[in-house]
Structure formats: C-alpha cells, structure tokens
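Hi,

Here is the structure I promised to pass on. Have a look at it first, then read my notes below.

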Amino acid sequence: MVRTEPHGQDTRTGRCVIPLSEVTPADQTQVGAKAYNCARLLQAGFRVPDGFVVRVSEGPSVTEAALAPFLDAFPPSARFAVRSSGADEDSVGHSFAGI
C-alpha cells in the first residue's frame, strides 16, 4: 500500500509516511505528540478525521511518490486540513499552542 523512497526510510518499517490508523507506541518519537494522540483516539473509535503523518526525520524531503498512495485514495475534489508542528511542540511539561 505504501510506496517509499530509499532516502530516509524508517529502518523498522521502511515507511516515511504512516497512516494514523497504523501508528503504534513505537512511532511516537517519529510522529510527534499531536499526531500520536490523534492516532490513539482514532484507533479507540473516537470521531477523529482520518489522515497520515510524515515521520519527523523526513520533514521536507518526503517525496510526491511517498504521498501518492494516500492522496490517490481521495477524489480530486477532496479538501484537506494540513497540520504542521514540531515533534517536541507539546509534552507533559509544556505546550506552545497559540504562540
């Protein structure tokens, strides 16, 4: 299902983009707290919009080919919300929301 490029692949999974439905506790440091918690809520059955996350180590180097399987699953008229934040933006000790 997921095509990836050799550059920057996750040595554990070989993926640079992970669907929220497949995020595991082992992914937390690579997806960040917000994406991880959204994934947990989605997997627990809460009403959370489905999505995917680009691993922290990929950042701007993720390729169109890596995103294509996810984006191609939607009709051309689909609209998306994009959430961009630092992996360490929120933690038990601090939050930068609204700054």
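What percentage of the 99 residues of the chain count as buried? The share is 26%, where buried means under 20% relative accessible area, exposed over 50%, and partly exposed in between (1.4 Å probe, protein chains only).

Before the rest, some housekeeping: this is a predicted model, where local features need pLDDT of at least 70, side-chain atom pairs count only at pLDDT 80 or more, and totals for chains, interfaces and linings use all residues. Numbering starts from 1 along each chain as its sequence is written, and side-chain values use heavy atoms, with hydrogens and water left out.

Helices (H or I, at least four residues) and strands (E, at least two) are DSSP runs, numbered from the N terminus.

Now zoom in on helix 3, residues 64-71. Its buried residues are A66, L67, A68 and F70. Among what covers them are strand 1 (17-19) and strand 2 (52-54).

L71 sits in helix 3 too, but this one counts as partly exposed because its relative accessibility is 36%. Together with F74, F80 and V82, L71 forms a nonpolar patch on the surface, with about 410 Å² of accessible area in total. Accessible areas come from the Shrake-Rupley method with a 1.4 Å probe, and for residues only the protein chains shown count as cover.

Cheers

Terms used. Patch = residues over 30% accessible without salt bridge, like charges linked within 9 Å, V, L, I, M, F, W, Y side chains within 5 Å. Salt bridge = Lys/Arg side-chain N within 4 Å of Asp/Glu carboxyl O. Contact = heavy atoms within 4.5 Å.
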